[in-house]
Amino acid sequence: MPLLEETTVPREHPPTLPVVIIGNGPSGICLSYLLSGYKPYLDPATVHPNPVLYRKLQETKHLPITEQDLEYLSEGLEGRSGNPVAVLFDTLLHPNADFGYEFPPVLQWRRDKQQHVPHLVLGRATPGGAWHAMEGSMLTISLGIWMELPGINYRDLTSNGKRRGVTNDRATPEEISSYYRNYVKLMGLKKNFVDNIYVTSVQKLFRGHEEEGLENGYGGKVDVVLGDGGKAVYEGSEGDRVGVDGGGGGGLWEVRGYQRVQGDTHVPFCLFSENVVLATGASDSPVHLGVEGEDLPFVFHCISALGLAVSRRKLGPNSDPVLIVGAGLSAADAVLCACNNNISVLHAFRKHTDDPGLIFKQLPKTLYPEYHKVYHMMCSQTHITTKTAATSATGGLPSMAASVCSKMCSKPQHAKTSVVTGGGPVLFPDYTSFPEHCVVSFQPDMKCVLQGSNSLKAFKISMALVLIGTYPNLFFLKDQGQYLGLDPTKPISCKQNPMDVHPYTFECTKEPGLFAMGPLVGDNFVRFLKGGALGIASCLLKRLKKKGKLIADGGGGERGGDFI
């Protein structure tokens, strides 16, 4: 998509904001809620089941959680997130959820308009982020109530408060995206959101440029067209003028990009911000194997390609098998999709089926029967190497792969005739798993070569799905943000190399005034990414209050009551 020339961006009066949030998924929505004057207090009508935490909460019950010592409150808590504030906020919203209980939250939300922090949330689509692009009929991993945001019960918006059974208490992406879209409207946050925005550059300004921008005043105006035809406007005043130190003591940030309006028209913009929050998620760029033939037209890196092929009847029971690479939930979804349509499956993954790191071992069987069905097949319907189906894996791999193809591809071992091991009934006879295998190459004649511990195997396939994870696309940052990771020599990755942030403020250790949350810091589940919003909001509210930058009656809002 072509960009307008950077020289066309107007520079006369670049507006300055206290906070700009990049990403309008649940992370950005929750943070916008906390920055809009909504404050969490201990509900006097509730008792937290953790007596130590409850005692701590009682000590300062007159203060909102955002003004308390999050490190003190988080101390000693354990949960499924590596971020202590995420565990804290989760147990306040869903006490003892990991033990199967559904206790009510111990928080009471109050609206304090004098604690409103002016901010904009920039998103590529309508609020909800990547949830709008997901297949609408699948079920989420998390329960629906774990996907909800503070202030509005998920069931109240989606099912009139009715439970749908243990398994069906999980939600569909369609329901979740609708919930987030309606949440923004009902909580009066819409004025903070700007849709159809593509950020192309985020950079720290040098001192000379900072002063030049500030010469133009903090009283500039943000005037960006909203998707509903209205405008998001923030207009500062002379009293809002900031010093060169900015929000975190490190200067101002310049945010550039463009907004798509009226079809293909691109309107460029430039903003100054004291603080920038990265809430972009981590599903932009699929991870590639980096093997020969991965760019061939029958190799895909998203599950939607399988659904499209099925709907167009390009795949069916008589097709050559589909190769699915990966041992995560996306790969499991692809296996289920293929099996439900009677399509043969070859399932290759690097780990052993007993590996404790497999996600299936962390999912209760009662809640996730379909994933445990896939895991059972992974364990029990494994391929057995035969004399005709193996070649010694010694020597150079490219030449060996060609040799295997020439010897085997005339009569490839089809999944329907594969030998399987393990006890119990065969759940889907046209499924064969290949534990501890990796892909060596894809060939133009629709063949793939797999390598096991001591053999190479070749198969003719109809399509390949490589579902081994994703990377965030941080092209708008210097060095694509790699220098911000725990290991600055590697790309940012949710699991292998998250961003290095302060554990209680989520501020990047290498960039004052730059914050990250959600998958970028290792929190993949909505249930835990809300902790990032708490940590960031607490930090910014304390910092701006100290500088006298909080806006009295800055947000107004459709919901004027003190209690929600």
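Guide: Start with helix H10, residues 369-380. This is a predicted model. H10 has 12 residues and reaches 16 Å from its first C-alpha to its last, close to the 16 Å expected at 1.5 Å a residue.

Visitor: Which residues of H10 are buried?
Guide: Glu 370, Tyr 371, His 372, Val 374, Tyr 375, Met 377, Met 378 and Ser 380.

Visitor: And what covers the buried residues of H10?
Guide: The cover includes helix H9 (329-340), strand E14 (345-348) and strand E15 (431-434).

Visitor: Let's stay on His 372. Why does His 372 count as buried?
Guide: Because its relative accessibility is 15%, and buried means under 20%.

Visitor: What is His 372 in contact with, leaving aside its neighbours within four places in sequence?
Guide: Phe 360, Leu 363, Pro 364 and Lys 365. As for Lys 361, it is 11 residues from His 372 in sequence and 8.7 Å away in space, C-alpha to C-alpha.

Visitor: What does Asn 342 touch, not counting residues up to four places away in sequence?
Guide: Gly 316, Pro 317 and Phe 428.

Visitor: What about the phi of Asn 342, positive or negative?
Guide: Positive, near 55°, in a residue other than glycine. Most residues other than glycine have a negative phi.

Visitor: Which loop holds Phe 506?
Guide: The one between strand E20 (470-471) and strand E21 (514-516). Phe 506 also has a positive phi, near 65°, and is not a glycine.

Visitor: Is Phe 506 buried or exposed?
Guide: Buried. Phe 506 has 1% relative accessibility, so it counts as buried.

Visitor: Switching to the other end. How many residues of H1 are buried?
Guide: 10 of its 10. Helix H1 spans residues 26-35 and is mostly covered. Among the buried residues are Gly 28, Ile 29, Ser 32 and Tyr 33.

Visitor: What follows H1?
Guide: Gly 37, whose phi is positive, near 95°.

Visitor: How do H1 and H12 pack?
Guide: At an angle of about 35°, with their axes 9 Å apart. H12 covers residues 526-547. The crossing of H1 past H12 is right-handed.

Visitor: Which residues meet there?
Guide: From H1, Pro 26, Ser 27, Cys 30, Leu 31, Leu 34 and Leu 35. From H12, they meet Val 526, Leu 529, Lys 530, Ala 533, Leu 534, Ile 536, Ala 537, Leu 540 and Leu 541. By class, this contact of H1 with H12 has 13 nonpolar, one polar and one charged residues.

Visitor: Why might positions three or four places apart go together in a helix?
Guide: An α-helix has 3.6 residues a turn, so residues three or four places apart point the same way.

Visitor: Last, the whole chain. How many helices and strands?
Guide: 12 helices and 21 strands. Of the 564 residues, 55% count as buried.

Visitor: And what is the accessible surface of the chain?
Guide: About 24,600 Å², of which 52% belongs to carbon and sulfur atoms. On contacts with a separation of 6 or more, residues 24 or more positions apart account for 73%.

Notes: Residues numbered from 1 in each chain as written. Predicted model: local features only at pLDDT ≥ 70, side-chain atom pairs only at ≥ 80, totals over all residues. Heavy atoms only, no water. Buried < 20%, exposed > 50% of the residue type's maximum accessible area, 1.4 Å probe, protein only. Helix = DSSP H or I, 4+ residues; strand = E, 2+ residues; numbered from the N terminus. Contact = heavy atoms within 4.5 Å. Areas by Shrake-Rupley, 256 points an atom, 1.4 Å probe, with all protein chains shown as cover. Expected span 1.5 Å × (residues − 1). Axes fitted to C-alpha atoms, helices over the stretch in contact; angles between N-to-C directions. Left-handed = near helix turned anticlockwise from the far one by under 90°. Nonpolar A, V, L, I, M, F, W, Y, C, P; charged D, E, K, R; others polar.
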